Number of protein chains: 2
Amino acid sequence: MSPRTPRTDPDRRLELLQGTLDMLILRTLLSGARHGHGIGQAIRRRTDELLQVETGSLYPALHRLEKRGWLKSTWGVSEANQRAKYYELTPAGREQLVREQERWTELVTAIGRVMNPAHGE
Amino acid sequence: MSPRTPRTDPDRRLELLQGTLDMLILRTLLSGARHGHGIGQAIRRRTDELLQVETGSLYPALHRLEKRGWLKSTWGVSEANQRAKYYELTPAGREQLVREQERWTELVTAIGRVMNPAHGE
DNA sequence: AACAAGACGTAGAGTGTCTACGTCTCATTC
DNA sequence: GAATGAGACGTAGACACTCTACGTCTTGTT
């Protein structure tokens, strides 16, 4: 019975909010092309393991983003000498990233107004 | 043909992120009991119409929260002299609100780290 | 030869929000 | 006193996204 892979602090994990994954992926690719596995690792590392992108979310998201024209992919070889599909932002993808960032900021601000009503209420 | 109710700036509206509505409702009830319609209005007003809670989201959410024991309801009469179901937080609901606020803060922070990597990357 | 890890992927369940209906009641207005 | 609008409740079904749980293949290590 192989022990279920422990994945660091199982309790601290946060589920992603629906709709944020696309933005995170686009942002991660802003610094250059990466393959799917690498994108997941980058997100996990930058958040100290708090955000874990499961493959069942990641790959469908990448396909979806590519189909919409925000990403384009090319097959290559990874650092570990494995076949890997590298994704990079298209110009439209950069625009989309800006839109999603704006939306995210607005949303966080709006929710903040409900959660911490400065005055009124 | 009655014109579809315009609802102020149709384009500026933001869809809620899945999972945030419960928190918004709990927070809104922190200042006292309110009926469903009133909760929706309060959220809309505090966000300058940016967040609109549709009835098809609101009522199921209220039922869900009540079933989980975060809220309890009593029938009453509204300011407009209408029959209305008033919801208020239970003690468990207050605890839940705290948990959701913590989760929200963590999540926003984690996403912030991906979006604006201070150093590293 | 066996196994772990790197890398890709899909199927299906679960969840939550939205749109689109629908009902009833009170207050207003003609 | 009939019609209308707004206040208030609610449900059904579509849709989208994430997760869990599988599954495959390849490379490197022991």
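Student: In this predicted model, how do the residues of the surface near DNA strand C divide by class?
Tutor: The surface near DNA strand C includes four charged residues. The nonpolar class supplies 10. The remaining class, polar, has 17 residues.

Student: Which residues come nearest to DNA strand C?
Tutor: A residue counts as near when its C-beta atom lies within 6 Å of the strand. There are 31 residues around DNA strand C. Those that come nearest are G36(A), S78(A), L21(B), G56(B) and S57(B).

Student: Which element gives the most to the surface near DNA strand D?
Tutor: Here α1 and α3 of chain A each supply at least two residues, as do α2 (36-46), α3 and β3 (83-89) of chain B. Among the residues that come nearest to DNA strand D are L21(A) and G36(B). The element that gives the most, with six residues, is α3(B).

Student: Which element gives the largest share of the side of chain A that touches chain B?
Tutor: The contact takes 26 residues from chain A and 26 residues from chain B. On the chain A side, α1 (20-29), α2 and α4 (91-115) give two or more residues. The largest share, 10 residues, comes from α4(A).

Student: How many residues on the side of chain A that touches chain B are nonpolar?
Tutor: That side has six charged residues and seven polar ones. The nonpolar residues number 13.

Conventions: Residues numbered from 1 in each chain as written. Chains lettered and ligands numbered in written order. Predicted model: local features only at pLDDT ≥ 70, side-chain atom pairs only at ≥ 80, totals over all residues. Nonpolar A, V, L, I, M, F, W, Y, C, P; charged D, E, K, R; others polar. Contact = placed C-beta atoms within 7 Å. Helix = DSSP H or I, 4+ residues; strand = E, 2+ residues; numbered from the N terminus.
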